[in-house]
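Colleague: Could you walk me through this one before I start on it myself? I'd like to take it topic by topic.

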Amino acid sequence: NGGPLLRKPLGDDKILDCLLGYMNKNYFQPPLLDVENRDSTGMNPNVSFYWFFRNGAFLNFRYEFVKEDTDGANWDYVGHRLSLSVAYPVLEKVTLQLYGEAFDQDFRNTHTVFGVKREDRTYTGSIGLIWEFYRNTNLVLQYNRTQADSNIPLYEYNRNLYTFGIEYRF
């Protein structure tokens, strides 16, 4: 993923990013059927707005358009992704992070097995705490929930992920 980025400050506490993105995906394992080949190229331009509303706190809103042209007919799609993230210090050296995302995918071809055009809606949310317990060293606790809905039940799932880690920055 990459492309040219235009970053425009909007006053002292806001930034607008515009990215003309291009992607090239190549999966290591070959698919069992050619129609399931997910190798792709495509465009994914996005616009992102940041607001730094307090020392150590920010809000970010992002919209991304995604168009993937895959080698396999079952995976070509056009999508729209909206996300909102917030980081807010709740105590000295402790930051709360919240994230929410909705991703709407409309697949362009009739599925070769199920005989319908696939439509997916994926929702992701997370909450996390970051505690700087030592200089440049953070303890990170996070919960992430994903719910994927589809008109083809095979592609539906729910996932709960709990993570715990230590981050050192240098």
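**Overall picture**

Modeller: Of the 170 residues in the protein, 28% are buried, where buried means under 20% relative accessible area, exposed means over 50% and partly exposed lies in between (1.4 Å probe, protein chains only). This is a predicted model, in which local features need pLDDT of at least 70 and side-chain atom pairs count only at pLDDT 80 or more, while totals for chains, interfaces and linings use all residues. Residues are numbered from 1 along each chain as its sequence is written, and side-chain values use heavy atoms, with hydrogens and water left out.

Colleague: Ok, and how many helices and strands does the protein have?

Modeller: The protein has zero helices and 11 strands, both taken as DSSP runs numbered from the N terminus (helices are H or I with at least four residues, strands are E with at least two). Its C-alpha atoms fill a box of roughly 55 × 35 × 30 Å along the principal axes.

Colleague: What share of the contacts is between residues 24 or more positions apart?

Modeller: Such pairs account for 45% of the contacts in the protein with a separation of 6 or more, a contact being heavy atoms within 4.5 Å.

Colleague: Switching to charges: how many salt bridges are there?

Modeller: The count comes to 12 salt bridges, each defined as a side-chain nitrogen of Lys or Arg within 4 Å of a carboxyl oxygen of Asp or Glu. One of them joins Asp 17 and Arg 7, with the closest N and O atoms 2.7 Å apart.

Colleague: Which strands do Asp 17 and Arg 7 lie in?

Modeller: Asp 17 lies in strand 2 (residues 14-19) and Arg 7 in strand 1 (residues 5-9), so this pair ties together parts that are 10 residues apart in sequence. Asp 17 is buried, its relative accessible area being 7%.

Colleague: What about Arg 81, which residue does it form a salt bridge with?

Modeller: Arg 81 forms a salt bridge with Glu 101, and their closest N and O atoms are 3.4 Å apart. Because Arg 81 lies in strand 7 (residues 77-91) and Glu 101 in strand 8 (residues 94-110), the pair ties together parts that are 20 residues apart in sequence. Arg 81 counts as partly exposed at 21% relative accessibility, whereas Glu 101 counts as buried at 17%.

Colleague: And Arg 118 with Asp 120, buried or exposed?

Modeller: Both partners are buried, Arg 118 with a relative accessible area of 6% and Asp 120 with 4%. The closest N and O atoms of their salt bridge are 2.5 Å apart. As for networks, salt bridges that share partners join Arg 62, Glu 64, Arg 81 and Glu 101 into one.

Colleague: Which strand gives the most to it?

Modeller: Strand 7 does, with three residues, and strand 5 (46-54) and strand 7 each supply at least two. Leu 91 lies in strand 7 and is exposed, with a relative accessible area of 59%.

Colleague: Last topic, Asn 160: where is it, and what does it touch?

Modeller: Asn 160 is found in strand 11 (residues 157-168) and counts as partly exposed at 41% relative accessibility. Leaving out residues up to four places away in sequence, Asn 160 touches Tyr 143, Asn 144 and Arg 145. Its side chain makes a polar contact of 2.5 Å with that of Tyr 143 and another of 3.3 Å with that of Arg 145. A polar contact is a pair of N or O atoms within 3.5 Å; within protein, one must be able to donate a hydrogen and the other to accept it, and residues adjacent in sequence count only if both atoms are side-chain atoms.

Colleague: And how do strand 10 and strand 11 run?

Modeller: Strand 10 (residues 137-150) and strand 11 run antiparallel and are joined by 12 bridges, pairing being called if DSSP finds at least two bridges between two strands. They form a hairpin with six residues between them, and Leu 139 has Ile 166 in strand 11 as its bridge partner.
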